[in-house]
Amino acid sequence: MPEPRLRRDGLTRRQILGLGGAFGLLTTTGLATAATLARRPATTGAHLRSTAQLPPPHRVPLPIPAVLKPVATDGTGDRYEIVQRETAAEILPGLTTRLWTYGGTFPGPTIEARRGRSVTVTHRNELPVPTVVHLHGGRTPAAFDGYPTDLVLPATWPQAAAHGMDAMPGMDGMGGGAMADPRAVTSRLTRDYTFPNDQRPTLLWYHDHRMDFTAPAIWRGLAGLHIVRDDAEDALGLPAGPREIPLMIADRAFSADGALTYPSLDPTLRERPGVTEPHLAGVLGDVILVNGAPWPVHETDAARHRLRLLNASNARHYELEARTEDGRRLDLVQIGSDQGLLTAPVTHRTLPLAPAERHDLVVDFTTAPVGSLVRIVNRLGTGRTRDVMAFRITRRPAADDSRIPPTLSTDLPDWHRQDAVRTRDFAFRAGRTNGGHGWLIGGRPFDPARTDVTVPLGDTEIWRLIADVHHPVHLHLVGFRILSRAGKPPLPHDAGLKDTVSLRPGESVEIITRFDGHRGRYLFHCHNAEHEDMGMMANLEVV
């Protein structure tokens, strides 16, 4: 049978239907459908179905990631060591799962940092493939930002050629041929990453960022938390100690023997990047993990709690709510966003959370009866993916002296339209690459040797972003403010300083930022990890 004729957008009808969900609808029916989808977000991606026996919800205790201890300290900073290695863990009760980990755990250990006090982490790669570490949301010098071709090679990996990636297997960028990067900096076995932490206190996260293979590496477990704190935040009186809880939410799928399921074209992650055709729009699992546990439960008291949420899923979006057993919805009081505290609290009943976004919330369990459950649910989920986790209220507290002050911070940047020296437009869409179908920014797939945007250090710019389907767009180095969404004012959850913005199907968003901090080569990209691996990244040069 002859190959189906190409449409004008470069995809066959068979390929379009294979992309699934919102993508197929958008490409076949146009932006009118996209506008409809934007009013009620749909799913971008395709589901994997677990064949393992899955536990009932709210039976597995919620793990809290361990805080990593420094191996050395001095007057200006702290030094840590992390070994990247494969390990076995019991994620589903009674089954063993092989994971790629930071320090032997998923999530990896949490790094607690202080504002202005540098952290240096020595990463040792004992995995069978190269790795790259990116501190997501960090104001990091370019040498330590985790550019996708700046690889840490395992001991037995072939040596890179003199000009970067041209001798490296598996670095074709979905583009049909090796992509040379003359600026790539590779090392063998270990690399030091130094993070100045010269930024507002917030929840960051570190994860693998290897060219073409970010999605399966994160799926296998290469993710951990990095929290920046300062004295001003400590003095606010927010819930702290055991009532401050980090929550890394991620979906996965499991085979009958407990192994992670993922549709890689090359399961060794050594040669051929990409996923099977039904999952080109993104991979969605049917098991919701929180801190690495399936639909967990956390026993606690009836008091205010600070919940620090991260969506570490590859492609899944959430719309979260907290619901008591008698059907009441508790307020989700947002106090912070990706890049730290808001100016003032914002109260929600439901709250969307796109891949790589973070929300800092206070939830008051005071009115929940002792012995009852407060369920965190995902209104965008169906079946088992509607459940996320639960809190079991076990006691009344002796005291709760925490508070939510009316003013949380006074240091948010005050950028205005008239401050911008230029405006740029970027379209995030599906399209053709040299080697097949992929995901493009401005009509072009990623090329590490090409500079896409050059910005003088200190310039303020407005970027207008438009999407075909869901694209959570992430800028490295800088935070930004959202000016408008679909030509209207930002939504309540858009408040504060962001580093990732969720574009819904057919939607345009304006953001404003000042490119300060460091010079060098950085990225902006879609944080649907499958889109990222298939070309949806671009280079940003700050000069």
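Guide: Start with a rule: two strands pair if DSSP finds at least two bridges between them. The model you see is predicted. In it, an open sheet of 4 strands has the order E5-E12-E11-E7, and its pairing is mixed.

Visitor: What makes E5 and E7 the edge strands?

Guide: Each of them pairs on one side only. Strand E5 covers 108–114, and strand E7 covers 133–136. Neighbouring strands in this sheet are turned by 20° against each other on average, direction ignored.

Visitor: How do you know that E5 and E12 pair?

Guide: Count the bridges. The rule asks for at least two. E5 and strand E12, residues 223–229, have 5 bridges, so they count as a pair. They run in the parallel sense. Look at Gly108: opposite stands Gly224 in E12.

Visitor: Which strands make up the open sheet of 5 strands?

Guide: The order is E29-E36-E35-E31-E33, again with mixed pairing. Strand E29 (453–455) and strand E33 (500–503) are the edges, since each pairs on one side only. The twist averages 20° from one strand to the next.

Visitor: What makes E29 and E36 a pair?

Guide: The same test applies. At least two bridges are needed. E29 and strand E36, residues 537–542, are joined by 3 bridges, so they pass. These strands run parallel. Val453 has Leu540 in E36 as its bridge partner.

Visitor: Where do strands pair in the antiparallel sense?

Guide: Go to strand E21 (residues 332–337) and strand E22 (residues 340–348). They share 5 bridges in the antiparallel sense. Ser337 stands opposite Gly340 in E22. A hairpin of 2 residues joins E21 to E22.

Visitor: Why is Ile512 called buried?

Guide: The cut-off is under 20% relative accessible area. Ile512 has 0% relative accessibility, so it counts as buried. Ile512 is found in strand E34, residues 508–514.

Visitor: Which residues does Ile512 touch, leaving out those up to four places away in sequence?

Guide: Among them are Trp415, Thr460, Phe480 and Arg481. Take Arg481. It sits 31 residues from Ile512 along the chain, yet their C-alpha atoms are separated by 5.4 Å.

Visitor: What makes a group of residues a nonpolar core?

Guide: The members must be buried, of nonpolar kinds such as Leu, Ile and Val, and joined through side-chain atoms within 4.5 Å. The largest such core here has 46 residues. Those with the most contacts inside it include Leu247, Ile249, Leu320 and Phe391. Strand E13, residues 244–252, gives the most to this core, with 5 residues. A second, separate core has 40 residues, including Ala142, Trp219, Leu475 and Ala529.

Visitor: What does Leu320 touch, residues up to four places away in sequence aside?

Guide: Its contacts include Ile249, Leu309 and Val388.

Visitor: Why is the pair of Tyr102 and Tyr206 called tilted?

Guide: Check distance, then angle. The centres of Tyr102 and Tyr206 are 4.9 Å apart and the planes stand at 55°, so the pair is tilted. Tyr102 lies in strand E4 and Tyr206 in strand E11, so the pair ties together parts that are 104 residues apart in sequence. Both Tyr102 and Tyr206 are buried.

Visitor: How do you know that Tyr193 and Phe195 are stacked?

Guide: Stacked needs planes under 30 degrees apart. Tyr193 and Phe195 have 15° between the planes, and 6.4 Å from centre to centre, so they qualify. Both Tyr193 and Phe195 are buried. The chain has 9 aromatic pairs by this rule. Ring pairs also link Phe426, Trp463, Phe515 and Phe524 into a cluster.

Visitor: What makes Arg521 count as a charge over the ring of Tyr147?

Guide: The charge must be within 6 Å of the ring centre and within 35 degrees of the ring normal. The charged end of Arg521 sits over the ring of Tyr147, 3.6 Å from its centre. Arg220 lies over the face of Trp100 too, at 4.5 Å from the ring centre.

Visitor: How many helices and strands does the chain have?

Guide: There are 6 helices and 36 strands. Of the 543 residues in the chain, 61% are buried.

Methods: Residues are numbered from 1 along each chain as its sequence is written. This is a predicted model: local features need pLDDT of at least 70, side-chain atom pairs count only at pLDDT 80 or more; totals for chains, interfaces and linings use all residues. Side-chain values use heavy atoms; hydrogens and water are left out. Axes are lines fitted to C-alpha atoms, for helices over the stretch in contact, and angles run from 0 to 180 degrees between N-to-C directions. Buried means under 20% relative accessible area, exposed over 50%, partly exposed in between (1.4 Å probe, protein chains only). Contact means heavy atoms within 4.5 Å. Rings of Phe, Tyr and Trp (its six-membered ring) pair if their centres lie within 6.5 Å; planes under 30 degrees apart count as stacked, over 60 as edge-to-face and the rest as tilted.
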